[in-house]
Amino acid sequence: MFTALEEKQIKKFNHQLSRNITIERVASRHTSNKLFHEFCDNLTRLMPKIQISRVQSDAHDPPRILIGGGLHYQAIPTGHELQPFLEALDALDSGSMKETEPIQRLLKKNNMPTALTVFISPQCTFCPQMVRRLIALPMTAENLQLTVIDGTLFPEMAKIQDVRSVPTLLLDDQFRWTGLVSLEELIDTINTRDPVSLRPASLEKIIKDGGADRLAAMMMETEKLFPAFYDVLTHEKWPIRLGAMVVIEEIAGKNPDLAAEALIPLWDRFHKASIQIQGDILHVFGEIGDPRSVPWLDTVLSGNFDREVKAAAREAAEKISNTDT
C-alpha cells in the first residue's frame, strides 16, 4: 500500500511524535471498507505511536478515519495526500498548527456549526495543497467539521453533489468552489452566512454535540424555524429526532407562536412518515399545545391508523385540552 519512500517518511514521523495519539476508524459495509482496514493496519505497523480505535457505524454510513473531533477522511491518504495527513496527525499531537492564531482571529465572528466537504482524487496534484490549507480549520474551531472525500473511491457521493473536477469544496452543501480557494475568502463566507440557510447536516451536528438549547436560541433570535429543521425533526434516526424534539419543546415553552409555525409543515409530512415518526409528530403537536392541530388529531383518531399512532394522538389531544383549561 505504501511505497518504500512513504514507509521511510512515516517511520521518521513516528519518531517525531511526542506521545501516543489515538485516531478512529469508522467501519461499515461499504465496498471500500477493506481498504481503510488495510491502510490503518499498515499505518500502525510503521507508526506504533498511532493507536486506532475502531467504531462501528450505521450500515449505510461510509467508512472513514477520524482525526480529532472535526477532521474526517473518506479517502486513503497515500501518495500526494500522505503529507497533509501526517500534518494533521502532528497537529493532533501538538494541539495546534502554525496557522492557528490568524485563523482564530478570522473565525471569531462565527458561532454557527460549519460543515466543509472537499472532493479530491489521488491523481490530482493541486488537491494536497487545498487539503493542507483546510485541515487547519477543524483543528482550530470546535464547531467546524471538514470531510475529505476521494471522489474515485466514493463516486456515488461525487455524483450526488455533481462534482466534475477536483478539488471541489462545499460549504454546508450550499456554497461551492472549484480549484484552489483562499482561506480568507472561505472564512469570510463562513462568517457572513445566514443561519436560516443552514443545512440539515449542520443542525444535526449541533444536536449531536449537545447544543439543543443553542439551536433553539438561534431560531428564537431570528424568529424563524429554519427550513432544514423539519428534516431533522422527522429524521429516520431516533436520537437525532429526539434532540430536535427537545429543541421544539424549548421553543414552545418560550415562544409558542414560533413553535406553532411547525404545525403545517409537520402535518404535510405526516402521511408519508413511518409509524414511529408519525407518533413523534403527534407528540410534538401536544407539546406545542396549539388548538389548531385538534382537527388533525381527530382525523387520526377516527381514521385507519396504527394503534400506537392513535395512542399518540389521544395523548396529544388530552395535553392540548388540559392546556386550554
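Begin in this predicted model by selecting strand β4 (residues 71-74) together with strand β6 (residues 144-150), where the two strands pair in the parallel sense over 4 bridges. To see one of these contacts, pick Leu71 and then Leu146, its bridge partner in β6.

Stay on β4 and display its side chains: Leu71 and Tyr73 point one way from the strand, while His72 and Gln74 point the other way, and all are buried.

Then follow the chain through the hairpin of β3 and β4, which has 3 residues between the strands, and stop at Gly68, whose phi is positive, near 65°.

Now move to the loop between α6 (155-160) and β7 (168-171), where Pro167 lies, and inspect the peptide bond from Val166 to Pro167, which is cis with omega near -5°. Asp162 lies in the loop between α6 and β7 as well, and its phi is near 55°, a positive value in a residue other than glycine. Such details deserve a stop, because most residues other than glycine have a negative phi, and most peptide bonds are trans. At 42% relative accessibility, Asp162 counts as partly exposed.

Finish at Glu223, in the loop between α9 (212-222) and α10 (229-233). Glu223 is not a glycine, yet its phi is positive, at about 60°, and the residue is exposed, with a relative accessible area of 57%.

Note on methods:
Residues are numbered from 1 along each chain as its sequence is written. This is a predicted model: local features need pLDDT of at least 70, side-chain atom pairs count only at pLDDT 80 or more; totals for chains, interfaces and linings use all residues. Side-chain values use heavy atoms; hydrogens and water are left out. Buried means under 20% relative accessible area, exposed over 50%, partly exposed in between (1.4 Å probe, protein chains only). Two strands pair if DSSP finds at least two bridges between them.
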